[in-house]
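Have a look at the structure first, and then read on.

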Amino acid sequence: MPQLLFRGIAQEVVAKTSKGLVDELTEIIGCPRDYFTLECCSSLFISDGETVAGTPLVQVNWFDRGQETQDRAAQSVTRHLREAGCQNVDVYFVALKTNCYYENGEHF
């Protein structure tokens, strides 16, 4: 935990940015790098009956760490992806409740 799900972003871009991004996020969030999961989701975007390029979108599933940390994490994700050539990056956070997240049958 945290889990970052990437949509509308090429796997090569995620791979290219992953080390630097996770390095920075470990400092911002304050958790070990092996807690992070990065996933490239295959997405098909459609508008007016046509397949179109989608807006780069990153969903972050995590335990809430406050607005300041969230802002810094969003800025980090956005900056890394822009440096890799993505524009108009959308980042949104899903705050998970510790009593609703189970690892090996035990909640946090």
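Which residues are buried in α1? In this predicted model, the buried residues of α1 are V13, V14, T17, L21, V22, L25, T26, I28 and I29. An α-helix has 3.6 residues a turn, so residues three or four places apart point the same way.

What covers the buried residues of α1? The cover includes the strands β1 (3-7), β2 (37-41) and β5, together with helix α2.

Helix α1 itself spans residues 11-29 and bends by about 50° at S18. Just after α1 comes G30, which takes a positive phi of about 85°.

Now to α2, which covers residues 67-83 and holds H80. Is H80 buried or exposed? The relative accessible area of H80 is 13%; because buried means under 20%, H80 counts as buried. Leaving aside residues up to four places away in sequence, H80 touches T17, G20, L21 and E24.

The last stop is the aromatic rings. A pair of aromatic rings is described by the distance of the centres and the angle of the planes.

| Pair | Centre to centre | Angle between the planes | Arrangement |
|---|---|---|---|
| F63 and Y101 | 5.5 Å | 90° | edge-to-face |
| F63 and F108 | 5.4 Å | 50° | tilted |

Where do these rings sit along the chain? F63 lies in strand β5 (residues 57-63) and Y101 in the loop between β6 (90-96) and β7 (102-103), so their pair ties together parts that are 38 residues apart in sequence. The pair of F63 and F108 also links distant parts of the chain: F108 belongs to the segment after β8 (106-107), 45 residues apart from F63 in strand β5. Through these ring pairs, F63, Y101 and F108 form a cluster.

F63 is buried, at a relative accessible area of 13%. Y101 is partly exposed, with 21% relative accessibility, and F108 is partly exposed too, with 45%.

Notes. Residues numbered from 1 in each chain as written. Predicted model: local features only at pLDDT ≥ 70, side-chain atom pairs only at ≥ 80, totals over all residues. Heavy atoms only, no water. Helix = DSSP H or I, 4+ residues; strand = E, 2+ residues; numbered from the N terminus. Buried < 20%, exposed > 50% of the residue type's maximum accessible area, 1.4 Å probe, protein only. Contact = heavy atoms within 4.5 Å. Phe/Tyr/Trp six-rings, centres within 6.5 Å; stacked < 30°, edge-to-face > 60°. Bend = angle between axes of the 7 residues up to and from the residue.
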